Amino acid sequence: MKNQLFLFALLITVFACKQEKEMVLEKEAIMESVKAKVATPAYPENLTKVFNAHGGIDAWKSMKSLSFSQEKEFGKEVTLTNLDSREALIDSPNATIGFDGQTPWFVNKTDGDYKGYNPKFGYNLMFYFYAMPFVLADDGINYADAEPLVIDGVTYPGIQVTYNAGVGETPEDRYVMYYNPETYVMEWLGYTVSFVEGIDKKELHFRKYGDWQEVNGLKLPNSITGYGFKNDKPTDKAKAPNVFTDVKLSTTAADSKVFAKPEDGTFVE
């Protein structure tokens with residue numbers, strides 16, 4: 001009889017422990033679900049479809065570093081960026097530009113004056129163009145529908161992006177991303193330029209997308225072509241395309257030491 005009572009008590013204890021464990025696991029699952037919902041921003045439906053057409057925003061956010069190369073008139077230029085911190089390094093035969101997560105820095109490797117873009121803005125300039133449309137998921141962004149772009153009989157819907165005050169070096173910038181109405185793949189980018197003196201800071205400049213390559217399941221540019229522009233519309237092709245090679249996406253961030261200013265570098269305020 002005692003053995004039966006002991007066994008009965010043991011079964012009750014085991015059942016109670018199991019039930020308590022299941023309740024704890026269920027509570028943890030609910031909390032994780034709530035956290036996920038809170039952490040996931042609400043993007044416009046059409047922008048989400050664009051992200052999905054390019055491989056998905058969740059897949060992009062799982063990546064931690066991006067690198068690519070371009071052949072320039074002065075030789076090969078290699079860009080490396082940590083995606084979360086936006087630490088950056090652009091290395092070429094005539095200059096090295098970096099961003100350590102706080103301040104841009106610069107090394108001039110030539111005997112004369114450096115003739116490129118101001119390093120304060122240049123350290124992430126081509127990265128931003130290259131990482132479209134995924135950089136449109138950054139914090140501090142406002143979205144609105146834009147007037148469609150009509151080219152060669154095709155109407156491309158547009159999504160306008162503006163920035164909250166204090167976001168980036170040029171929060172007054174405006175971007176308009178135009179996508180294919182059937183596939184939702186990005187095809188054009190309109191953007192204002194506010195860091196170059198002597199030009200209209202409200203007029204849209206244009207770059208054409210459409211030559212894509214797949215990297216780790218994500219659709220990224222193989223080339224981007226700049227166009228002429230007038231009255232917020234592209235005109236004739238302006239110049240040879242920017243071509244990107246050696247593209248690498250990694251789920252591992254590069255060591256922050258890579259982005260630190262070297263002894264011969266100068267901080268750019």
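**Exercise 1. Strands 1 to 3**

Find which residue in strand 2 is the bridge partner of lysine 72, and then work out how strand 2 is joined to strand 1 and to strand 3.

*Solution.* The bridge partner of lysine 72 in strand 2 is glycine 75. Before going further, note that this is a predicted model, in which local features need pLDDT of at least 70 and side-chain atom pairs count only at pLDDT 80 or more, while totals for chains, interfaces and linings use all residues. Residues are numbered from 1 along each chain as its sequence is written, and side-chain values use heavy atoms, with hydrogens and water left out.

Step 1: settle the terms. Strands (E, at least two residues) and helices (H or I, at least four residues) are DSSP runs numbered from the N terminus, and two strands pair if DSSP finds at least two bridges between them.

Step 2: take strand 1, residues 65-72, and strand 2, residues 75-82, which pair in the antiparallel sense over eight bridges. These two strands form a hairpin, with two residues between them.

Step 3: move on to strand 3, residues 88-91, which pairs with strand 2 in the antiparallel sense over four bridges. Here leucine 80 has leucine 89 in strand 3 as its bridge partner. Strand 2 and strand 3 also form a hairpin, this one with five residues between them, and arginine 86 in the turn has a positive phi of about 65°.

**Exercise 2. Salt bridges**

State how many salt bridges the model has, and describe the ones formed by lysine 76 and aspartate 91.

*Solution.* Step 1: apply the rule that a salt bridge is a side-chain nitrogen of Lys or Arg within 4 Å of a carboxyl oxygen of Asp or Glu. By this rule, the count comes to seven.

Step 2: consider lysine 76, which forms a salt bridge with aspartate 246, their closest N and O atoms being 3.4 Å apart. Because lysine 76 lies in strand 2 and aspartate 246 in strand 14 (residues 245-250), the pair ties together parts that are 170 residues apart in sequence.

Step 3: consider aspartate 91, whose salt bridge with lysine 109 has its closest N and O atoms 2.8 Å apart. This pair links distant parts of the chain, 18 residues apart, since aspartate 91 is in strand 3 and lysine 109 in the loop between strand 5 (104-108) and helix 4 (119-122).

Step 4: check accessibility, where buried means under 20% relative accessible area, exposed over 50%, and partly exposed in between (1.4 Å probe, protein chains only). Lysine 76 is partly exposed at 39%, and aspartate 91 is partly exposed at 33%.

**Exercise 3. The faces of helix 2**

Decide which residues of helix 2 are buried, which are exposed on the other side, and what the buried ones pack against.

*Solution.* Step 1: in helix 2, residues 45-53, the residues Asn46, Leu47, Val50 and Phe51 are buried. Seen down the helix axis, they fall within an arc of 145°, so they line one face of helix 2; the arc is that of the directions from the helix axis to the C-beta atoms.

Step 2: on the other side of helix 2, Glu45 and Asn52 are exposed.

Step 3: the buried residues of helix 2 pack against helix 3 (57-61), strand 6 (141-151), strand 7 (154-163) and strand 8 (175-179), where contact means heavy atoms within 4.5 Å.

Step 4: after helix 2 comes glycine 55, whose phi is positive, near 115°.
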